[in-house]
Amino acid sequence: QAQNIRVKEGPQQLPETLSFDGISEYVRIPYTADLNPTGEIRVEASAYMDDWQWYSPYGDHIVGCHQLGGYALYCSSEGVSFTPRANGDYQRVSILYEDISPGWHDFVGTYDGRYVKIYMDGTLKDTLDLGATYPIQYSVEVDLMFGADPNAASEPTADSFFKGYIKNVSIYSDADGTALISSWAIDEGSGGTVHDSQGNNDGIIHGAKWIQENGEGFEFHALT
């Protein structure tokens, strides 16, 4: 079935963003049912890594909302992956690491109830057909996180921390990108909060540092 899928135009060099150390830093968005759509979902995020083949055993999470359910956009053992849980399992689509150059990329994961898809820089990279329509499954009410993945107590799971930079995260309740739930530009440049421009789902920064491009490619310095 043909779909009108909206994709971003391509990678952007962004002047201000949050840096995550891959050890303990993340952003927490407190649980709300609005961020757990069951019929369809679209997850967008811009992310930067010096080496996209660097990942921890659990998987470095750009956007994490997994706990025997939910969804995530993360670095898996095979590449950057998007995995909603449906039909009793995590349904994974991936972009192979060999196809991801160092630096910024725009990632989009979509699920329309049957087809799971992942895009990079506006290009469809992988599709999974579940063969029938299944809802997205959630088993525990957990917080949404950027830079990590929550456990059942909504604390970051060990070995789930992302090492790099994250910007422009958006969550939609449809695959086409017309039903925006929340959007975080992550460009405040200071303070301990990332603001939701669409709703009331502001995020709390835990350790991640504001940084800014210094005019020499992808060399960054900390904002004061």
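Begin by selecting Arg-114, a residue that is partly exposed, with a relative accessible area of 29%; here buried means under 20% relative accessible area, exposed means over 50%, and partly exposed lies in between, using a 1.4 Å probe and protein chains only. Before going further, note that this is a predicted model, in which local features need pLDDT of at least 70 and side-chain atom pairs count only at pLDDT 80 or more, whereas totals for chains, interfaces and linings use all residues. Residues are numbered from 1 along each chain as its sequence is written, and side-chain values use heavy atoms, with hydrogens and water left out.

Because Asp-129 lies in strand 12 (residues 123-129) and Arg-114 in the loop between strand 10 (103-111) and strand 11 (115-120), the pair ties together parts that are 15 residues apart in sequence. Strands are DSSP runs of E with at least two residues, numbered from the N terminus. Asp-129 is partly exposed, at 37% relative accessibility.

Move on to Glu-25 and Lys-209, whose side chains form a salt bridge of 2.8 Å, N to O. This pair links distant parts of the chain, with Glu-25 in the loop between strand 1 (16-21) and strand 2 (26-29) and Lys-209 in strand 18 (residues 209-213), 184 residues apart. Glu-25 counts as buried at 8% relative accessibility, whereas Lys-209 is partly exposed at 45%.

Another stop is the salt bridge between Glu-78 and Arg-92, where the closest N and O atoms are 3.4 Å apart. How many salt bridges does a search of the whole structure find? The search finds 6.

Finally, turn to the largest nonpolar core, which has 45 residues; such a core is a set of buried Ala, Val, Leu, Ile, Met, Phe, Trp, Tyr and Cys residues joined through side-chain atoms within 4.5 Å. The largest share of this core, 5 residues, comes from strand 3 (residues 41-49). Select Trp-52, which is among the residues with the most contacts inside the core. Leaving aside neighbours within four places in sequence, Trp-52 is in contact (heavy atoms within 4.5 Å) with residues including Ala-47, Tyr-97, Pro-102 and Phe-162.

Technical notes:
Helices (H or I, at least four residues) and strands (E, at least two) are DSSP runs, numbered from the N terminus. A salt bridge is a side-chain nitrogen of Lys or Arg within 4 Å of a carboxyl oxygen of Asp or Glu.
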